[in-house]
Amino acid sequence: MLAYRGGDAGAFEILYARHRGALYRFVLRSLKERSVAEELFQEAWIRVIEARERYAPSAKFTTWLYTIAHNLLVDHWRRKGLVLVELNDEHASPDNPARQVEARETAARFLQVLEALPSAQREAFLLHEEGGLSVAEIAAAAGINEEAAKSRLRYAVAKLKAVIDE
Amino acid sequence: MSDDPKISARYRELPREEPPRALDEAILAASRRAVEARPAPLVVPTGRRRWYFPVAAAAIIVLAVAVTMHVERDRPDPEAFAEAPSGLAPAPAAPAQDALRERMTVQPPKPAASPERSRKSGRRDSVSTPDPQPERPALEEKPAPSAQRDEMPSVQRRAAESTGANVRGAGAPELSGVVAAGVVLPPEQWLQGIADLRRQGRQEEADKALAEFRKRYPDYKIPEAMRERVERR
């Protein structure tokens, strides 16, 4: 990011390639509405571009990036309610139809529970899984204390674990 | 990543969605534009916000023009302001105003008022000051009653008080007072005053004034016609 701030456009491309998938999934699974998710995803990156002159490496870039995304999500949630998103299942294995069905059902069940989580718990889980943020970093990105972040993450994991153990 | 690896593994089994290619290209293009156009603007005008800047500039210009026009239109016209009180004065004079005007007519006319200015301020003065009087020589003005003496110029007032001759003749009080006060009049005016005194039968005062005149103007040759009028016969 510092290189990009200095005028190196190629540095941004590397940064973008590293984080694009995880951030996209984080936003998509938080919103469940693809078109809005894409708009917010783009907006998050535009804010990164705009803020390059003010960027200071006081925290991990990842934490900063997800803080921006979190703020955009909060703004969105304040304006609208949540809508379920239909996920693509293009990654299902094509060679075993039975396993394909089972895998799809398992994934659907897991997703169903994930989507049913309270938004704060889901966000904490996604920040942890997609962003790779620690509890302290989740707390920083979401603007909460570490105890609250740890609690949210623990509740989310416990509910998902219950699904797996069924 | 989660404390429970099974949760993470299960999550990893979920479809790994990626942003569309068009979205990637739009973001990367924006990043390149931002670097090329230095210094970076505070807000990059992309997509739906591209129209913000022209509209904001146009709004500022329209507002500035509107404020300027408003200020120009509301500025008071000095001419209109000068004429405005004339509309407030009633055209026909009420009896009370006539009495007031009667009292005020003894005030000395304002010396420096130009005709133009007198015309402009005429009606306003009709309430507080008299209308301009027909021009007449100062020595022929009506005698000022004692109540009106305060309105006289201070030199004339002092002269009138010193002689006590303030109600007897048209030009006499002024001449006597002015001479007594040591004011030097032009010879013609002085002689005319003396002639008036003679005509009114105030011979002693005329003699005194003539004597004073000769002291002030010892070389002045009095015209024959005037001499007959100013000398005691």
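In chain A of this predicted model, confidence is lowest in helix α5 (residues 97–116), at a mean of 74, and highest in α7(A), at 92. The score is pLDDT, the predictor's confidence in each residue, from 0 to 100. Helices are DSSP runs of H or I, at least four residues, numbered from the N terminus.

Residues are numbered from 1 along each chain as its sequence is written, chains are lettered from A in the order in which they are written, and side-chain values use heavy atoms, leaving out hydrogens and water. As the model is predicted, local features need pLDDT of at least 70 and side-chain atom pairs count only at pLDDT 80 or more, while totals for chains, interfaces and linings use all residues.

**Exercise 1. Describe the confidence of each chain and of the complex.**

Step 1. Take chain A. Its mean pLDDT is 82, and 84% of its residues reach 70 or more. Residues 83–94 of chain A stay under 50; the model has 24 contacts for them beyond four places in sequence. Contact means heavy atoms within 4.5 Å.

Step 2. Take chain B. Its pLDDT averages 66, and 46% of the residues score at least 70. Over residues 82–97 of chain B the pLDDT is below 50, and this stretch has eight contacts beyond near neighbours in sequence. Residues 99–171 of chain B also have pLDDT under 50, with 64 contacts beyond four places in sequence.

Step 3. Take the complex. The predictor gives an ipTM of 0.73 and a pTM of 0.44.

**Exercise 2. Size the interface between chain B and chain A.**

Step 1. Count residues. In chain B, 33 residues are in contact with 45 residues of chain A.

Step 2. Give the area. About 3,800 Å² is buried between chain B and chain A, and carbon and sulfur atoms give 58% of that. Buried area is the accessible area (1.4 Å probe) that two parts lose on being put together, summed over both.

Step 3. Find the main contributors. Tyr11(B), Glu17(B) and Ile27(B) supply 20% of the area that chain B buries against chain A, more than any other three residues.

**Exercise 3. Characterise the packing of α2(A) on α2(B).**

Step 1. Get the geometry. The axes of α2(A) (residues 9–31) and α2(B) (residues 21–36) come within 10 Å and cross at roughly 150°. Axes are lines fitted to C-alpha atoms, for helices over the stretch in contact; angles run from 0 to 180 degrees between N-to-C directions.

Step 2. Classify the angle. α2(A) and α2(B) are therefore roughly antiparallel. Angles under 35 degrees count as roughly parallel, over 145 as roughly antiparallel, 65 to 115 as roughly perpendicular and the rest as oblique.

Step 3. List the contact. On α2(A), it is made by Ala9(A), Phe12(A), Glu13(A), Tyr16(A) and Arg20(A). On α2(B), the residues include Leu23(B), Asp24(B), Ile27(B) and Arg32(B).

Step 4. Sort by class. The contact of α2(A) with α2(B) has seven nonpolar, one polar and four charged residues. Ala, Val, Leu, Ile, Met, Phe, Trp, Tyr, Cys and Pro count as nonpolar, Asp, Glu, Lys and Arg as charged, and the others, Gly among them, as polar.

**Exercise 4. Treat the two helix pairs of α6(A) in turn.**

Step 1. Pair α6(A) with α2(A). Their axes come within 10 Å and cross at roughly 165°. That makes α2(A) roughly antiparallel to α6(A).

Step 2. Find the partners. Phe26(A), Arg29(A) and Ser30(A) in α2(A) meet Arg122(A), Glu123(A), Leu126(A) and Leu127(A) in α6(A).

Step 3. Pair α6(A) (residues 119–129) with α7(A) (residues 135–142). They pack at about 125°, with axes 10 Å apart. That makes α6(A) oblique to α7(A).
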